[in-house]
Amino acid sequence: MKYLQSMRKYIIIMTLLSTLFGVKAQQTDAIKILSASEFREAIAKKNVQLVDVRTAREFKGGAIKGALNIDYFQQENFNAEFNKLDKEQPVYLYCHSGNRSKKAAAKLDALGFKKIYDLKGGYMKWPYKK
């Protein structure tokens, strides 16, 4: 019960911060924002680099099937884990609301990833939860 209350508070705070600071999805040549249906279709392929950049606690609370969890807030580990991935192959990112994955996408662009796809609205807008 306490976990759910903590998660609710966290979600409310993150949503409020996103609203206050006007986080807007940004696309570049390397970064594309996909709707949930486009994202779902894209990750249905085999050997997709699908990464959830939320915390381990959030990830354990529900995630997209097949996703690798690389916590954006653990920057040292974040860089090390992403450097293990293939920069020439597309990488599909999501977080809770789209804020962290937007930042992660920009970081991956700087690291030399060629094709980065970000889930619009994050996991909270993912309608395919079981």
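**Reading the core, strands and rings**

Q: With which residues is Phe 82 in contact, leaving aside its neighbours within four places in sequence?
A: Contact means heavy atoms within 4.5 Å. Phe 82 meets Val 51, Val 53, Ile 70, Val 91, Leu 93, Leu 108 and Phe 113, with neighbours within four places in sequence left aside. This is a predicted model: local features need pLDDT of at least 70, side-chain atom pairs count only at pLDDT 80 or more, and totals for chains, interfaces and linings use all residues. Residues are numbered from 1 along each chain as its sequence is written, and side-chain values use heavy atoms, leaving out hydrogens and water.

Q: Is Phe 82 buried or exposed?
A: Buried means under 20% relative accessible area, exposed over 50%, and partly exposed in between (1.4 Å probe, protein chains only). Phe 82 has a relative accessible area of 0%, so Phe 82 is buried.

Q: How many residues has the largest nonpolar core?
A: In soluble globular proteins, nonpolar side chains tend to be buried together. A nonpolar core is a set of buried Ala, Val, Leu, Ile, Met, Phe, Trp, Tyr and Cys residues joined through side-chain atoms within 4.5 Å. Here the largest has 18 residues, and Val 51, Val 53, Phe 82, Val 91, Leu 93 and Ile 116 have the most contacts inside it. Strand S1 (31-34), helix H4 (75-82), strand S4 (91-94) and helix H5 (99-111) each supply at least two residues of this core. H5 gives the most, with three residues. Helices (H or I, at least four residues) and strands (E, at least two) are DSSP runs, numbered from the N terminus.

Q: Which way do the residues of strand S2 point?
A: In a regular strand the side chains alternate between the two faces of the sheet. In S2 (residues 49-52), Gln 49 and Val 51 point one way, Leu 50 and Asp 52 the other, and all are buried.

Q: In which sense do S2 and S4 pair?
A: Two strands pair if DSSP finds at least two bridges between them. S2 and S4 are parallel, over four bridges. Gln 49 has Val 91 as its bridge partner in S4.

Q: How many aromatic pairs does a search of the whole structure find?
A: Rings of Phe, Tyr and Trp (its six-membered ring) pair if their centres lie within 6.5 Å; planes under 30 degrees apart count as stacked, over 60 as edge-to-face and the rest as tilted. The search finds nine aromatic pairs. Tyr 72 and Phe 73 have ring centres 6.0 Å apart and planes at 70 degrees, so this pair is edge-to-face. Phe 78 and Phe 82 have ring centres 4.6 Å apart and planes at 55 degrees, so that pair is tilted.
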